[in-house]
Structure formats: C-alpha cells, structure tokens
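Hi everyone, thanks for coming. Have a look at the structure on the screen, and then I'll walk you through a few parts of it.

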Amino acid sequence: MKKYYIILTLIFIAGCGSDSTSVDKKTTVSKKQSVANTEADNNVVKAKVPKSRKIASQRSKNKNVKNRKPIQSKKQKNKSNTPKSLDKIKAPDFLLSDLEGNIFDLSAFSGQVIMLTFWGTWCGPCRREIPDFIKLYDEYNDEGLEIIGVAVQSGTSENIKRFSDYYKINYTILTDIDRHESYRTFHDYGTVTGVGTRAVPTTFLIDRDGYIVKTYRGARPGSVFYRDLKPYL
C-alpha cells in the first residue's frame, strides 16, 4: 500500500513538472510574440516620425513669417517688374555735344531712366512729340527720368538752339561734335535693336542699368511713353 502511494506521488510530481514546463513555454512564446508585435508597432511609428517632425520643424521656422515686414526699396520693387537682363540689349555708348559745346557720353546719365529720341528740326512728327516730352520731363525728372533728344541732320548748334528756344524745350538736346556723330549714334542704336535708321522720330527707352528695354519707330502719344516708362522709375 505504501508503495502504491509512493508511485502515485511520483506520477503526480512528474505530471506537475510537465505542465509547468508547458506553461512556461507558452508564457515564453506569448512574451516573444508580444515583444515582436511591440517592435513591429514601434517600427511603424518610427517610420512616420521623421516626416511629421520635419514638417513641424519647417513650420516652426516659418511661424513668424506673417509678422515680418517686407524689406524692399523702391528701386528693388521696380526691378521686380522689369524684364530679365537676357531680354534686354545693352545701350551703345556715344560722344555727342550739347548746344553749348559740352561733350557728353552715355555714362553722364548713369542710373537714370532715359528716353533717347532721335529727331530732326525738319520733321513734322518729331515736332508733334515735343510738347509731350516737355510734359513728361516736367513731371518725372525728379523721379529719375532723363529725356535726351539727338538732333540728326539738323544743321548747326545755333540753328538747333533757336528751334529749341522757340519750342521751349526743357530736356537735353545733343548733336554733332564736328559732323555726322549724331547719325553714327543713330546707326549704332538702329543696328543693335534691328529697327534700322530709316525713320525719325525713333525713340529708345533705357533702364537704370543701361539696357534698352523698348523701342519706338515713329511718333507716339505721351500716354504710351508714360505707360511704358513708369515701371522703371
């Protein structure tokens, strides 16, 4: 009988040990699965974090943008409306004389918006443009507008001066130093722009950086000149 109980006890202990091992194995497997699931979840989260952090970082940099006042000078503002330099043609230099015999080159008007008009005292359409040029010069010279009238084949400086005084021209008039310089200048401008030299008046709008940005072959009303030069002032 005693042997019987001893055998049953050994069987029970062996069974309990087996169950304990099985439970431990199940617990271990369960823990491993849980850890694997947690790591997988963490990997998903980590994959999303860089993008969201990057956006948050970018937003933090820009959060005060609306509160900043733009720093833009008048000249910078006007430049933003002007064509790119690739679309412009550099204005050729010249040497010409004013009606008092003073010699001028293009650099004498550096930094100004220039309307360079080739005209003649003998030209009817040229005479019709003069009042508009006078008005434009009066109104916008203080803002940086220079109007230069190059008198082509118009006789002596004395003759041109009498004409200028009669029409009360207030802008700069240039002409030959000796002879033919005015026509050579006209030829240079007509060649680089492709408009030629067959007609006066021909006018060139030159920006503050010395580039030709507009050409006019023939007479135009003052409103057209004003519309085109205003963005450059």
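The buried residues of H4 pack against strand S4 (113-119), H3, strand S5 (145-151) and strand S6 (172-175). Packing here goes by contact, meaning heavy atoms within 4.5 Å; helices (H or I, at least four residues) and strands (E, at least two) are DSSP runs, numbered from the N terminus. Buried is under 20% relative accessible area, exposed is over 50%, and partly exposed is in between, with a 1.4 Å probe and protein chains only.

Quick caveat: this is a predicted model, where local features need pLDDT of at least 70 and side-chain atom pairs count only at pLDDT 80 or more, while totals for chains, interfaces and linings use all residues. Residues are numbered from 1 along each chain as its sequence is written, and side-chain values use heavy atoms, leaving out hydrogens and water.

So which residues of H4 are buried? In this helix, residues 157-167, they're Ile160, Phe163 and Ser164. Looking down the axis of H4, they fall within an arc of 100 degrees, so they line one face of the helix; that arc is taken from the directions from the helix axis to the C-beta atoms. On the face turned away from the buried side, H4 carries exposed Glu158, Arg162 and Tyr166.

Last stop, the disulfide, meaning a pair of cysteine sulfur atoms within 2.5 Å. Searching the whole structure turns up one: Cys123 joined to Cys126, S to S 2.5 Å. Cys123 counts as buried at 4% relative accessibility, and Cys126 is buried too, at 3%.
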